[in-house]
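Work through the exercises below with the sequence and coordinates at hand. Each task is followed by a stepwise solution.

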Amino acid sequence: MADKTSRVSVKRKEKKTESKTNDEKEKDKARKQDKVGKKTDAPPEPSEAKEDKRNGEAAGAVGEQEKKSNGNGEFEPIELPPFEIVTGEQMSPFYFKFQFRNVEYSSGRNKTLLCYRVDTPGGNIEPLKGYLEDEHATAHAEEAFFQQVLPETNASQEYEVTWYVTSSPCVGCAAKLANILRKRKKLRLCVFCSRLFEFEEPEIVEGLKAMVNAGCKLRMMKPADFQHVWDTYVEKEDQSFAPWEDCQENYNYYVEKLADILK
């Protein structure tokens with residue numbers, strides 16, 4: 001990011017130098033000096049940080065870097081969060097349409113987005129809603145939810161948790177979720193998946209079965225579910241959601257595959 005800003009600064013300095021002298025050798029010398037001097041001390045533009053935040057890509061880390069600038073444009077080293085978690089905020093329409101599309105071959109869609117709702121039956125607490133993703137992942141989004149959003153603080157409290165995720169859990173996450181559900185008897189988890197992750201692998205099949213046997217309700221997202229996520233978790237402004245052409249067809253395909261897995 002700093003290199004990009006530096007190049008802009010260099011070009012501006014070059015134009016200024018050209019207007020002050022007619023000596024070509026002096027201009028060349030000035031340009032070289034500017035490149036050396038400006039290459040490391042230009043801070044990143046705030047607009048880039050804002051764009052990162054809108055796309056859900058390390059916004060918190062960028063903000064901290066801007067705050068910790070030492071005045072010379074050099075940043076103090078900071079520790080990136082293990083993942084990006086956004087609570088009570090909404091994703092961009094493009095982000096939703098690309099990551100949640102229920103295609104069979106999800107090339108390029110290598111990030112898990114997890115939209116959640118947490119209800120406490122019989123209580124006066126407002127439902128907790130938001131979404132998180134496994135950017136900078138040392139923990140996947142599924143595990144991160146139970147670390148940051150709903151840690152085990154009150155074993156007697158009942159929770160009804162609903163997830164809308166871009167793909168079903170991997171082997172490791174499926175095992176961890178099954179273990180959590182066995183331990184937390186008052187927790188009810190319903191997971192709606194846009195796609196099934198590597199569903200032909202035997203270990204994935206066993207992992208999903210273990211989740212269901214532990215009490216998880218596992219479902220595929222139908223067109224109405226995509227509409228719900230759009231209405232609840234997307235910063236849509238005046239835009240309306242129109243399901244992609246093969247949305248229903250792909251839903252039917254994945255429903256059949258999930259039925260084969262859980263039979």
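Accessible areas here come from the Shrake-Rupley method with a 1.4 Å probe. The model is predicted.

**Exercise 1.** State the accessible surface of the chain and the share that belongs to carbon and sulfur atoms.

Solution. The accessible surface comes to about 15300 Å². Carbon and sulfur atoms hold 46% of that surface. As for burial, 40% of the 263 residues are buried.

**Exercise 2.** Describe the secondary structure and the sequence range of the contacts in the chain.

Solution. The chain has 10 helices and 6 strands. Take the contacts between residues at least 6 apart in sequence: 76% of them join residues at least 24 apart.

**Exercise 3.** Is Glu142 buried or exposed, and which side chain of opposite charge is nearest to Glu142?

Solution. Step one: locate Glu142 in helix H6, residues 141–149. Step two: Glu142 is buried. Step three: the nearest side chain of opposite charge is Lys176, 9.1 Å away. A salt bridge requires a side-chain nitrogen of Lys or Arg within 4 Å of a carboxyl oxygen, and Glu142 has none. Step four: beyond neighbours within four places in sequence, Glu142 is in contact with residues including Thr112, Trp163, Cys173 and Leu177.

Definitions and conventions:
Residues numbered from 1 in each chain as written. Predicted model: local features only at pLDDT ≥ 70, side-chain atom pairs only at ≥ 80, totals over all residues. Heavy atoms only, no water. Helix = DSSP H or I, 4+ residues; strand = E, 2+ residues; numbered from the N terminus. Buried < 20%, exposed > 50% of the residue type's maximum accessible area, 1.4 Å probe, protein only. Contact = heavy atoms within 4.5 Å. Lys, Arg positive; Asp, Glu negative; His and termini not counted.
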